[in-house]
Amino acid sequence: MPESRGEKVFVTAITVFLILFSIIAIIPLLSVIATSFSSKSVVDMNLVTLWPKQFTLDSWMYIIDRPDLWKSFFLTLGSTVIGTVLALLMTALFAYPLSKPEFRWGSVIMMGVVIAMIFKAPIVPYFLTVRSIGLYDNPLVLVVPHILNPFNLIIMRTFFKQFSKDLEEAALLEGCGYFRMLFQFVLPLSKAVLATLALFYGVVLWNQFQHPLFFLQDTNWFPLQIKIRQFITDDNVIMAGAASTADLNYNERTLRAATVIFAIIPIILVYPFLQKYFVKGAMIGSVKG
């Protein structure tokens, strides 16, 4: 059916608005990228806008040669990958029985899930609880508190409700148990929602800041975001190991810009591979009854 004039005007207006919003959102990122590839002299004179001036890789070479940054990077990468896999596994094991109307305690448990989603635990009791189970100054604190999110659980539960009940009943009659049903039939057909939730969990784990700030004191266990905070707030940390010579073609501002871009590159690289599943999984998981 052809669109009416009003619909065309509405679509055009929304398109223009989104384009303008995207441009506004990307300008700061372009400015940071340009700063990271510019020489210290033009940065000191505030001559860099959206394009590098006096292009140089010196800031990036210095950042790449920092072993402490790479240590934090691989710690964050490992906790993100392991945490995302465990989170998807726990969410699926929790969501599948809750999607079954015959599960007696499903409604009661779902009420608790919704309450947990709406009312967050106060910081002090939460801190004391996490510390009491041995996660204080323990790198496992980067993973364990994030392996189950109520909102993501609701999305996966709603997604699982779309599967044919007749198909599952036929599999059960053939001797297929619920665990086998989940891992051999349901999950392979749930790539859309798994990819969506993997992105949700992965972004949270990659960007986590509050948990390591509260629970980690040993600098050897500092994840990437805490290390970036050190670089941004402490000139002595970011310039540690730099040669004390006037010939350096970088300064604190160019190094900070390079560090920020260094931290967001993995998410930018992963997102295009998950994008095709993202909208489909989010819409099905949120709308299906």
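User: What do the numbering and the values rest on?

Analyst: Residues are numbered from 1 along each chain as its sequence is written, and side-chain values use heavy atoms, with hydrogens and water left out. The model is predicted, so local features need pLDDT of at least 70 and side-chain atom pairs pLDDT 80 or more, while totals for chains, interfaces and linings use all residues.

User: Why is the aromatic pair of Tyr 62 and Tyr 250 called stacked?

Analyst: Rings of Phe, Tyr and Trp (its six-membered ring) pair if their centres lie within 6.5 Å; planes under 30 degrees apart count as stacked, over 60 as edge-to-face and the rest as tilted. The search of the whole structure finds 15 aromatic pairs. For Tyr 62 and Tyr 250 the centres are 5.0 Å apart and the planes 25° apart, hence stacked.

User: What makes this pair a tie between parts that are apart in sequence?

Analyst: Tyr 62 lies in helix H3 (residues 58-64), and Tyr 250 in the loop between helix H13 (235-238) and helix H14 (252-287), so the pair ties together parts 188 residues apart in sequence. Helices are DSSP runs (H or I, at least four residues), as strands are (E, at least two), numbered from the N terminus.

User: How do you know whether Tyr 62 is buried or exposed?

Analyst: Buried means under 20% relative accessible area, exposed over 50%, partly exposed in between (1.4 Å probe, protein chains only). Tyr 62 has 10% and therefore counts as buried. Tyr 250, with a relative accessible area of 10%, is buried too.

User: Why is the pair of Phe 73 and Phe 262 called tilted?

Analyst: The ring centres of Phe 73 and Phe 262 are 5.4 Å apart and the planes stand at 55°, so the pair is tilted. Phe 73 is in helix H4 (residues 67-98) and Phe 262 in helix H14, 189 residues apart. Both Phe 73 and Phe 262 are buried. Ring pairs also join them with Trp 70, Phe 74 and Trp 206 in a cluster.

User: What makes H10 largely enclosed?

Analyst: Of the 17 residues of H10, 12 are buried, so the rest of the structure largely encloses the helix. Among them are Leu 194, Tyr 201, Gly 202 and Trp 206.

User: Which residues are closest to the centre of the largest pocket?

Analyst: A pocket is an open set of points on a 1 Å grid over the protein atoms alone, where a 1.4 Å probe fits, with protein on both sides within 12 Å along at least five of seven lines; lining residues have an atom within 4 Å of a point. The largest pocket has a volume of about 820 Å³. Its 28 lining residues include Lys 120, Tyr 126, Pro 145, His 146 and His 211, the closest to its centre.

User: Which element gives the largest share of the lining of the second largest pocket?

Analyst: H10 does, with five residues. H4, H10 and H14 each supply at least two. This pocket holds about 240 Å³ of space.

User: How do you know whether Gln 208 is buried or exposed, and what does its side chain reach?

Analyst: Gln 208 is in the loop between H10 and H11. Its relative accessibility is 6%, so Gln 208 counts as buried. A polar atom of its side chain lies 2.8 Å from the backbone oxygen of Leu 142, and the side chain reaches the backbone oxygen of Leu 205 at 3.3 Å.

How values were computed:
Grid points are joined across faces, edges and corners, and a volume is the space filled by probe spheres set on the points. A polar contact is a pair of N or O atoms within 3.5 Å; within protein, one must be able to donate a hydrogen and the other to accept it, and residues adjacent in sequence count only if both atoms are side-chain atoms.
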